[in-house]
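Here is a short report on one protein model and its ligand. Look at the sequence and the structure first, then read on.

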Amino acid sequence: MTEEWHNFLFTDEDVLLLTYPKSGTHWMVEILCLIRFKGDPKWIQSVPIWDRSPWLETNKGFKVLKDQKGPRFMSSHLPIQFMPKSFSNAKVKVIYVIRNPKDVIVSGHLFWKGVKYVQGAESMEQYFDWFLQGNVPYGSWFDHIHGWMPRRDQENFLLLSYEELKRDTRSSVQKICQFLGMELRPEALDSVLENSSFQAMKDNKMSNYSLMDGIAIDLKTTTMMRKGVCGDWKNHLTVAQAETFDEIYQEKMKDLPSELFPWE
Ligand code: A3P
């Protein structure tokens, strides 16, 4: 990262979406964009998702963000220690989305293997080992969570889970609106839900990465909108892998309150 990047200035109006990869980032971007325009889908249907909420850590995203005026949306997968210097004193609104790490493993393996510039694993078994070692894009899931969780009680930090979003999308969207200080009429809320549904996003070429096919991603081997459910790990991980994971999870997560994490 350049000096200029490290000196990036956040403003109090910025909204920064933070996730460990494959935790529901794009779903949240779609929801945020729809909330901003009170449910009107014009923006999400005309501008690629990576331009609506640029990636802070990419050259392309950074270039857009540094010159952008007014309230900005931005996305990042960065562990906390890699944030630009101004982050620690900024009042930027942070939305941190977490997801059952076993689903993150499955989603990650099936996704990265079709992404250019990322070495895909040959099997779920291999990816599972890499994940436990933190030898995957953005490093250890456990470290990511431990880095960000101490912020969870700050007023400019909203912690949400993919599971909660799936269980009750309407209430989750209302919670996000409250956090952002926005109010939506019932019809606008309905439109947010309808236009950010899995199927709507799968069909939206501005959000489904078909514009990047053959450039950054190979949609013959992967997809951004794969299944969109909770608990798919049961169809992909062996019983032994699940047990190994649970044991490591218990040990590594014992310092954090288990009620923060709504998965079994
Ligand atoms: P699966 O691979 O389990 O299907 P990210 O955006 O962080 O890369 O996360 C991708 C995961 O979010 C994928 O999970 C994808 O299908 C899921 N997802 C994307 N949009 C969704 C939506 N509207 N509803 C539910 N899940 C969604």
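How far does a polar side-chain atom of T25 lie from an oxygen atom of the ligand? The distance is 2.4 Å. Keep in mind that this is a predicted model.

## Ligand site

The ligand has 18 residues around it. T25, H26, S107, Y162 and K227 come nearest.

An N or O atom in the R99 side chain is 2.9 Å from an oxygen atom of the ligand. S196 uses its backbone: an N or O atom there lies 2.9 Å from a ligand nitrogen atom. On its own, the ligand has 570 Å² of accessible area, and the protein covers 98% of that.

## Charges over rings

R99 also lies over the face of Y162, at 3.9 Å from the ring centre. Y162 is itself one of the residues that come nearest to the ligand.

A second case pairs K102 with W233. The charged end of K102 sits over the W233 ring, 4.0 Å from its centre.

## Aromatic pairs

The structure holds 21 aromatic pairs. One of them joins Y20 and F131: the ring centres are 6.0 Å apart and the planes stand at 80°, so this pair is edge-to-face. It links distant parts of the chain, 111 residues apart. Y20 is in the loop between β1 (15–19) and α2 (25–36), while F131 is in helix α7 (residues 124–133).

Are these two residues buried or exposed? Y20 is buried, with a relative accessible area of 3%. F131 is buried too, at 1%.

Ring pairs also build a cluster. Its members are F8, F10, F62, F87, Y96, W148 and F157.

Notes
Residues are numbered from 1 along each chain as its sequence is written. This is a predicted model: local features need pLDDT of at least 70, side-chain atom pairs count only at pLDDT 80 or more; totals for chains, interfaces and linings use all residues. Side-chain values use heavy atoms; hydrogens and water are left out. Rings of Phe, Tyr and Trp (its six-membered ring) pair if their centres lie within 6.5 Å; planes under 30 degrees apart count as stacked, over 60 as edge-to-face and the rest as tilted. Helices (H or I, at least four residues) and strands (E, at least two) are DSSP runs, numbered from the N terminus. Buried means under 20% relative accessible area, exposed over 50%, partly exposed in between (1.4 Å probe, protein chains only). A charge sits over a ring if NZ of Lys or CZ of Arg is within 6 Å of the ring centre and within 35 degrees of the ring normal. A residue is near a molecule or strand if one of its heavy atoms lies within 4 Å of it. A polar contact is a pair of N or O atoms within 3.5 Å; within protein, one must be able to donate a hydrogen and the other to accept it, and residues adjacent in sequence count only if both atoms are side-chain atoms. Accessible areas come from the Shrake-Rupley method with a 1.4 Å probe; for residues, only the protein chains shown count as cover.
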